[in-house]
Amino acid sequence: MKAEFDPVIHPPPRLQICARLAAVETMDFATLREMLDVSESVLSKHVKTLEEAGYVAVRKATSDGRQRTWLALTSAGRKAFAGHAAALRALVGGADSRAAE
Amino acid sequence: MSPISQTESLEALNQIAAANREMADRVRAPGWYSWSLSLMLGGLAAVQELPLTYVFAYEAVFFVALAFLVRAYKRKAGVWIPGYRAGRTRWVAVGSAVVYAVVFIGSYYIDHELGVRGACIAGGVLIAALARVHCHLWEKAYRRDLGVA
């Protein structure tokens, strides 16, 4: 895995979305909204950005007569998130090793 | 030149760690889910004691019930994580499947080949008990995969 800073993922709301989606296969939009404590429009906007980058897949399904939206990180999204987290760790690690010198 | 400072990086890593802790707490399987799954798995072995017609009927019921169980879990938890996901959890899932297969085949052999009646039921009880343990182990492995002790 390549450690690479990703400007699409880095803004806090999108980082939070990716971190949660990386831990599951799929998550309900309403559940994610409740976890992040943000409005529907704010979450939609960030999800749209991630979807346009090819990092998040959006699927709508009807359950018990109501429509639910399921979100999942794509394999490109998982790779990008893992690479971004590795880049963050490398940055912090670099600071630690310089401080130790 | 890095695009962000080390302080910002640390803050972002802390956010990821907090998200992982939240997820680790959220995906704990409720009792009704793990008990149902354990009993259903045990039933697969226990039903081998009965004539083939009942075995087929149970297997059909098993898969329908499994689909309902997964659906109910997804609806209630709002998330889905396959047992076979990558990481330590995959080892627990594969290990569990191997153990169930050994108990299943062993109890079937003892019952049907050696003529020890009730061995399939005992095997089913053992699988149900092991499945409860495996649910617990899987959750522990999942927490460790997320870096949550």
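Analyst: The account below begins with the chain and then turns to one helix and one of its residues.

This is a predicted model, in which local features need pLDDT of at least 70 and side-chain atom pairs count only at pLDDT 80 or more, while totals for chains, interfaces and linings use all residues. Residues are numbered from 1 along each chain as its sequence is written, chains are lettered from A and ligands numbered from 1 in the order in which they are written, and side-chain values use heavy atoms, with hydrogens and water left out.

Chain B contains five helices and one strand, where helices (H or I, at least four residues) and strands (E, at least two) are DSSP runs numbered from the N terminus. Their order along the sequence is α-α-α-β-α-α. Because its radius of gyration is 20 Å, well over the 15 Å that the globule rule gives for 149 residues, chain B is more spread out than a compact globule; the radius is taken over C-alpha atoms, and the rule is 2.2 Å times the number of residues to the power 0.38. The C-alpha trace spans about 75 × 30 × 25 Å along its principal axes. Of the 149 residues, 39% count as buried, that is, under 20% relative accessible area with a 1.4 Å probe and protein chains only.

The buried residues of H4(B) are B:Thr89, B:Val92, B:Ser96, B:Tyr100, B:Val103, B:Ser107 and B:Asp111. An α-helix has 3.6 residues a turn, so residues three or four places apart point the same way. The buried residues of H4(B) pack against helix H2 (31-46) and helix H5 (119-145) of chain B.

B:Ser107 belongs to this buried set, as its relative accessibility is 7%. Apart from neighbours within four places in sequence, B:Ser107 is in contact with B:Ala119, B:Cys120 and B:Gly123, contact meaning heavy atoms within 4.5 Å. After H4(B) comes B:Gly115, with a positive phi near 75°.

Methods. Buried means under 20% relative accessible area, exposed over 50%, partly exposed in between (1.4 Å probe, protein chains only).
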